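Subject: Structure handover and findings

Hello,

Here is the structure I said I would pass on. Please open it next to this email, as the notes below follow it piece by piece.

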Amino acid sequence: MIDRFVDAFPLAMITSHRDGQFRCSHIPLWRQPDGSLFGHVDGNNSQFKGEQSLSAQIVFMGPSAYIPPQAYVSRQLPTWNYLAVHMQANITVVDDPRHKLEILEQTATRLSEQPSDYQVDERDPRVISNLPHIRGLVIKPENTEGRFKLSQDKSSPDSSAALRWLLDDRKHEHAEFLMELLHAASKPQSN
């Protein structure tokens, strides 16, 4: 169940501690058959810059939502339902060009399982110019825990109704705010 969850929601929040500070990055990670994970980051990412290995807390988040009383079949109190996987892991940072290229190729292969036809071509000038500026990540999980709160303590009709509410498409509720964020992000920043 946890493996399927990570496959479905690969964007991970990676948190580590260095120099008295917590550092956090949001990086898509992909599972390997041996249970390890891989991904890559910008070479200037301060969390990984100058590191060869580090310990981290990794969180994969799935859908979450407020479940109001009217979402249930019977009379219930409101709650918040969510799905998450928490992982303690050791991360090895990869700088070898051949290994980084393999990570990029594996990433493209995973994404081609979704609607995409992009394939990494090591002769592509964009790949050649960007490869020195990324760092690969090889992750070995030590402890993994699924945290799935889906009103499973309620009757079957109520838990099913709460799940329908959680999965209901409410993206339109935030469309105006998201458009404002997009507009603000596209404006040139002044120094």
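Which side chain meets that of arginine 135 in a salt bridge? The partner is aspartate 95, with an N to O distance of 2.7 Å. Before going further, please keep in mind that this is a predicted model.

Salt bridges

Side chains of opposite charge can pair when their charged atoms come close. A search of the whole structure turns up 11 salt bridges.

In the pair above, arginine 135 belongs to strand S7 and aspartate 95 to the loop between S6 and H2, so parts that are 40 residues apart in sequence are tied together. Arginine 135 has 7% relative accessibility and therefore counts as buried. Aspartate 95 is at 37%, so it counts as partly exposed.

Another pair is made by the side chains of arginine 31 and aspartate 3, at 3.5 Å from N to O. This pair links distant parts of the chain, with arginine 31 in strand S3 (residues 30–31) and aspartate 3 in helix H1, 28 residues apart. Both partners are partly exposed: arginine 31 has a relative accessibility of 21%, and aspartate 3 has a relative accessible area of 43%.

Aspartate 19 also forms a salt bridge, with arginine 18, and their closest N and O atoms are 3.7 Å apart. These two residues belong to a network of salt bridges that links Arg18, Asp19, Arg23 and Glu51.

Aspartate 19 sits in the loop between strand S1 (11–18) and strand S2 (21–28).

Serine 151 is not a glycine either, and has a positive phi of about 50°. Its place is the loop between strand S7 (134–149) and helix H4 (156–167).

Are these two residues buried or exposed? Aspartate 19 has a relative accessible area of 65%, which is over 50%, so it counts as exposed. Serine 151 has 2%, which is under 20%, so it counts as buried.

Nonpolar cores

The largest nonpolar core has 27 residues, and the members that touch the most others are Ile14, Leu29, Ile58, Phe60 and Leu137. Two or more residues come from each of helix H1 (2–8), S1, strand S4 (37–42), strand S5 (53–67), strand S6 (79–94), S7 and H4. Apart from this core lies another, of seven residues, including Ala108, Val120, Val127 and Ile134.

To see the surroundings of one member, select leucine 137. Leaving aside residues up to four places away in sequence, leucine 137 touches Ile14, Ile27, Leu37, Phe38, Gly39, His40, Val41, Phe48, Ile91, Thr92, Val93 and Ile103.

The second largest pocket

Rolling a probe the size of a water molecule over the atoms shows where empty space is left. The second largest pocket has a volume of about 180 Å³. It is lined by 13 residues, and those closest to its centre are His40, Leu104, Tyr118, Val120 and Val127.

Helix H2 (97–112) and helix H3 (125–130) each contribute at least two lining residues. H2 gives the largest share, four residues. Sorted by class, the lining holds eight nonpolar, four polar and one charged residues.

Regards

Technical notes. Residues numbered from 1 in each chain as written. Predicted model: local features only at pLDDT ≥ 70, side-chain atom pairs only at ≥ 80, totals over all residues. Heavy atoms only, no water. 1 Å grid on protein atoms, 1.4 Å probe; cavity = no way out; pocket = protein on both sides within 12 Å on 5 of 7 lines; lining within 4 Å. Points joined across faces, edges and corners; volume = space filled by probe spheres on them. Nonpolar A, V, L, I, M, F, W, Y, C, P; charged D, E, K, R; others polar. Buried < 20%, exposed > 50% of the residue type's maximum accessible area, 1.4 Å probe, protein only. Core = buried A, V, L, I, M, F, W, Y, C linked by side-chain atoms within 4.5 Å. Contact = heavy atoms within 4.5 Å. Salt bridge = Lys/Arg side-chain N within 4 Å of Asp/Glu carboxyl O.
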